[in-house]
Amino acid sequence: MYLCKAMQSNLQILPINKWLKDSKKPLIIAGPCSAESEEQILETAKAIDAIGKVNIFRAGVWKPRTRPNSFEGKGNIALQWLKEVKKQTSLLTTVEVANAEHVEACLKNDVDILWIGARTTVNPFYVQEIADALKGVDIPVMVKNPLHPDIHLWIGAFERLNKVGIQKLMAIHRGFFSYNKNIYRNIPQWEVPIELKRICPQLPIICDPSHISGKRDLLFDVAQTALNLDMDGLMIETHSNPDGALSDAEQQITPSALHELLDQLIIKSKDSANIEFKNFLNELRNQVDEVDDEILQLLAKRMVLIEKIGEYKRENDITILQLDRWKEILKTRTELGNKLQLPKDFICEILVAIHKESIRKQAEVINYASSTK
Ligand code: PEP
Ligand code: MN
């Protein structure tokens, strides 16, 4: 859908180590979903600071809630509490902004970093309003992915901010809304941040396992997967009393659970100096190259057959789509895939792509014949 488009982005990005001291990987952001009271904020921030691995304290001050009559944040007063966090801990602060008024309030109250939430990234009017309010201001801005996996909308937000001069930019991957039943609150669709990295290699990307998981027991796996995929950091919702939280209670963890989680994470390196490792990896990669070659040769062979089928159907005035045959292909191939221990969803995705191309090829055969009649 969004992969393999010849897309370029000329974002001007200042590397994190140019604007954040102690910016070693992974960058850790922690704090409650919402700022609820001064006590909650200070108790949580001090405990998070004591872990010694967290750089930035997050708290929602204005909360974008799906339904009205839910807790919508404490507003401006909470910015005072965050000022206190800066005084009493070594943590920087970050707050979600959704409009120009929020930006102004944060700037007035010395918030260090702003972030744009998923419900705001979807709307270019709001992103532009925020960008306009930031003209001439030197502050880092993090942008969460939009609710749905539209990578152009995500990149567009960075471009709008870049245009007004913001170069301290970072992406936050927080997963994507789906109606399909799923173990996640927001499905990760890791291919989307990977594609963002391909298009904008200079843009740091961190992961928000809290909003992906929606519950505590998935947090560790999602966080570890993010590090395995070379993400630059994590944002994890942490609350002094998660069960009593006024928003996102099920996914928040205590500072001590955060400490444990961070201690258990395995930090991977991008490369190794070990020659033996490099040689064996290369050997395996060469084998993979050969297999990929075979797969493509076989696909080309399949397409030659499809073209013949297309011609034969055309000569006999037979429809391209043969539903029973398609059902049979899906059934037999997923059964074979199952025997070969290949996940059903993966096989289905490949079959759908192959079938789509087969249909397109046969249509091309028919169109070509009718245009040369
Ligand atoms: C949040 O970080 O609390 C939040 C509202 O997140 P998102 O924009 O990812 O839903
Ligand atoms: Mn939240």
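Modeller: Let's start with what counts as a pair: two rings of Phe, Tyr or Trp (its six-membered ring) with centres within 6.5 Å, called edge-to-face when their planes are over 60 degrees apart. Keep in mind that this is a predicted model. By that rule, searching the whole structure turns up one aromatic pair. Phenylalanine 177 and tyrosine 179 make it, with ring centres 5.0 Å apart and planes at 80 degrees, so this is an edge-to-face arrangement. How covered are the two partners?

Now for the ligand. The residues around ligand 1 include Cys33, Trp115, Gly117 and Ala118, along with Arg58, Lys63 and Lys144. Sorted by class, that shell holds seven charged residues, three nonpolar and two polar. Some of these side chains make polar contacts with oxygen atoms of the ligand. For arginine 174, a polar side-chain atom sits 2.6 Å from an oxygen of ligand 1. Glutamate 237 has a polar side-chain atom 3.1 Å from a ligand 1 oxygen, and for histidine 211 a side-chain N or O atom is 3.3 Å from one. As for cover, ligand 1 on its own would expose 300 Å², and the protein buries 97% of that.

Conventions:
Residues are numbered from 1 along each chain as its sequence is written. Chains are lettered from A and ligands numbered from 1 in the order in which they are written. This is a predicted model: local features need pLDDT of at least 70, side-chain atom pairs count only at pLDDT 80 or more; totals for chains, interfaces and linings use all residues. Side-chain values use heavy atoms; hydrogens and water are left out. Rings of Phe, Tyr and Trp (its six-membered ring) pair if their centres lie within 6.5 Å; planes under 30 degrees apart count as stacked, over 60 as edge-to-face and the rest as tilted. A residue is near a molecule or strand if one of its heavy atoms lies within 4 Å of it. A polar contact is a pair of N or O atoms within 3.5 Å; within protein, one must be able to donate a hydrogen and the other to accept it, and residues adjacent in sequence count only if both atoms are side-chain atoms. Accessible areas come from the Shrake-Rupley method with a 1.4 Å probe; for residues, only the protein chains shown count as cover. Ala, Val, Leu, Ile, Met, Phe, Trp, Tyr, Cys and Pro count as nonpolar, Asp, Glu, Lys and Arg as charged, and the others, Gly among them, as polar.
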